Amino acid sequence: MIGPLVLLPHDGVRHLTSERAGSWGTIRFRTLPGDRLALISFVHNGTAGYQVGLQPKRHPMNTAAIGGGGLWCRVPVDLHLAWYEIAKRYAAMIPFNDFKTMLPRTPKDPGNSGYVVLTYAPDAETAPYNEVPIPQFAAWFVTRQGAEAAAVAVEPDVTGIVQLHPYWPVADLSKVTVMVVGVGSIGGAATTALAGYGVGRLRLVDPDRLMWHNLVRHVLPDRYVGQYKVDGLREHLAERRPDTAVEPFRLDVVDHADVMRDLLHDTDIVLCCADGVSARRSAGHLARRAGRPAILACALADGGIGEIIRLRPWPDHGCLLCRRQTLTDTEVLDPEPALEAEYGTGTLHRPMTAVGSDLFLIGDLAAKVAVASALEAAGHFEHRLPGEHLTIGLQAQRGWTGPFDLGFTGQVRWTPANPPRLDCPTCGQP
């Protein structure tokens with residue numbers, strides 16, 4: 001949007017359009033220096049005055065510099081027709097002497113500094129005016145030279161994921177609980193994506209704190225350094241995605257398996273993005289025993305391959321160990337042992353060879369698999385996936401076999417599930 005802009009909070013709209021409102025009144029506004037942006041922060045509707053502001057309350061415009069006062073008034077729709085023509089064509093301003101004759105009340109001399117006039121045309125949304133985009137609210141920056149048209153952005157009553165209804169299954173996803181195990185590079189991105197999809201509740205499980213070496217590949221900014229990742233993500237998402245409830249747990253999926261079992265009773269899907277064989281096996285085992293689908297996401301081949309496995313607790317679907325054993329039996333390389341070392345910066349860590357955006361891509365895809373699984377379970381069969389094992393080439397890989405034979409960046413393979421082994425302690429009867 002080019003040109004000056006006036007923000008009108010929805011509380012301001014309510015006071016200006018109420019039955020008790022008169023035909024004119026005064027306003028006060030706040031401004032952002034150098035941006036030609038104004039916020040209506042006070043309205044007097046003819047009977048009383050009201051302080052108004054944007055949501056959330058921490059919005060920077062709510063505490064911006066005091067910009068002065070102005071006027072609001074109800075006007076015939078013809079004035080907004082003129083506003084529309086001026087704004088559409090970036091035409092010159094209306095001379096002040098002409099502009100003041102269009103208002104029901106003669107405005108004061110704008111002096112050298114000028115002021116804002118907010119006009120309200122109730123008939124703008126009625127025929128025949130609704131055939132063109134004429135707004136109900138318009139604004140004017142008034143000086144002695146004239147009145148310059150300014151756009152008005154009216155804060156809606158409803159924001160957030162519900163705005164996508166009915167084109168996105170908002171209600172069904174709002175009932176879903178996803179447990180994310182490991183909220184590092186991949187898990188942090190997956191958590192953000194799940195909230196963006198409108199998942200109602202996220203349970204974040206990770207015992208680690210955010211450190212400086214994490215920043216190059218994490219969704220959290222540096223102000224969260226030193227905090228537990230789960231706590232930082234809860235605060236981060238509270239600002240960005242307030243529709244999603246976030247529950248942080250400073251737990252290790254292996255050491256605190258007993259607590260995890262209790263949490264799984266009212267969890268729908270487990271998404272494990274943790275490094276390490278033991279964490280992945282534990283998450284898959286616990287989910288299987290609880291009768292919950294598990295999704296495992298990781299980067300292989302030093303960041304050259306992204307892998308996402310869906311483990312559904314079905315009789316003909318094997319667990320992670322069954323899948324990996326099938327690879328070994330068919331002489332395909334088992335990539336699992338390479339996940340045991342942690343990434344980091346010290347001598348006991350592998351170097352960070354994968355770039356952050358590739359890891360975010362894996363996290364986003366893992367979130368998509370989780371959401372597709374939840375929607376399919378809710379009867380939205382248009383979200384069915386083509387397989388249970390996804391591999392994607394992030395860099396061309398030579399010498400890998402089976403589902404990891406990805407000779408091109410961006411190449412994708414989907415493969416089906418393998419049946420469980422007869423002697424599997426996870427897939428067998430408890």
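This report describes selected strands, a helix, loops and cysteines of a predicted model.

## Basis of the description

Because the model is predicted, local features are given only where pLDDT is at least 70 and side-chain atom pairs count only at pLDDT 80 or more, whereas totals for chains, interfaces and linings use all residues. Residues are numbered from 1 along each chain as its sequence is written, and side-chain values rest on heavy atoms, with hydrogens and water left out.

Helices and strands are taken as DSSP runs, numbered from the N terminus, with helices being H or I of at least four residues and strands being E of at least two.

Two strands are said to pair if DSSP finds at least two bridges between them. Strand β12 (residues 269-272) pairs with β13 in the parallel sense over 3 bridges, and Val270 has Ala294 of β13 as its bridge partner. Together with helix α8 (residues 277-289), β12 and β13 make a right-handed β-α-β unit; right-handed here means that, with the strands pointing away from the viewer, the path from the first strand over the helix to the second runs clockwise.

Strand β14 (residues 305-311) runs antiparallel to β13 and is joined to it by 7 bridges, with Ile308 of β14 standing opposite Ala297. The two strands β13 and β14 form a hairpin with 4 residues between them, and Ala301 in the turn has a positive phi of about 55 degrees. Asp302, which lies in the loop between β13 and β14, likewise has a positive phi of about 55 degrees although it is not a glycine. With a relative accessible area of 47%, Asp302 is partly exposed.

Helix α1 spans residues 10-17, and Gly12, Val13, His15 and Leu16 are buried in it. Seen down the axis of α1, its buried residues fall within an arc of 170 degrees, so they line one face of the helix; the arc is that of the directions from the helix axis to the C-beta atoms.

Thr177 belongs to strand β9 (residues 177-181) and is buried, with a relative accessible area of 4%. Leaving aside residues up to four places away in sequence, Thr177 touches Arg201, Arg203, Asp266, Thr267, Asp268 and Ile269, where contact means heavy atoms within 4.5 Å.

## Backbone exceptions in loops

Most residues other than glycine have a negative phi, and most peptide bonds are trans. A cis peptide bond joins Gln55 and Pro56, with omega about -5 degrees, and Pro56 lies in the loop between β4 (49-51) and β5 (65-74). The peptide bond from His165 to Pro166 is also cis, with omega near 5 degrees; Pro166 lies in the loop between β8 (147-154) and α4 (170-174).

Arg36, found in the loop between β2 (24-32) and β3 (37-44), has a positive phi of about 55 degrees although it is not a glycine. Its relative accessible area of 45% makes Arg36 partly exposed.

## Cysteines

A search of the whole structure finds 0 disulfides, a disulfide being a pair of cysteine sulfur atoms within 2.5 Å. Cys272 is in no disulfide, and its nearest cysteine sulfur, that of Cys273, is 6.7 Å away. Cys322 is in no disulfide either, the nearest cysteine sulfur being that of Cys424 at 3.6 Å. Cys272 is buried, with a relative accessible area of 0%, and Cys322 is buried with a relative accessible area of 0%.

Cys319 is placed in the loop between β14 and α9 (320-329) and counts as buried at 6% relative accessibility. Not counting residues up to four places away in sequence, Cys319 touches Arg288, Leu311, Cys424, Thr426 and Cys427. Cys319 and Trp414 are 95 residues apart in sequence and 17 Å apart in space, C-alpha to C-alpha.

Note on methods. Buried < 20%, exposed > 50% of the residue type's maximum accessible area, 1.4 Å probe, protein only.
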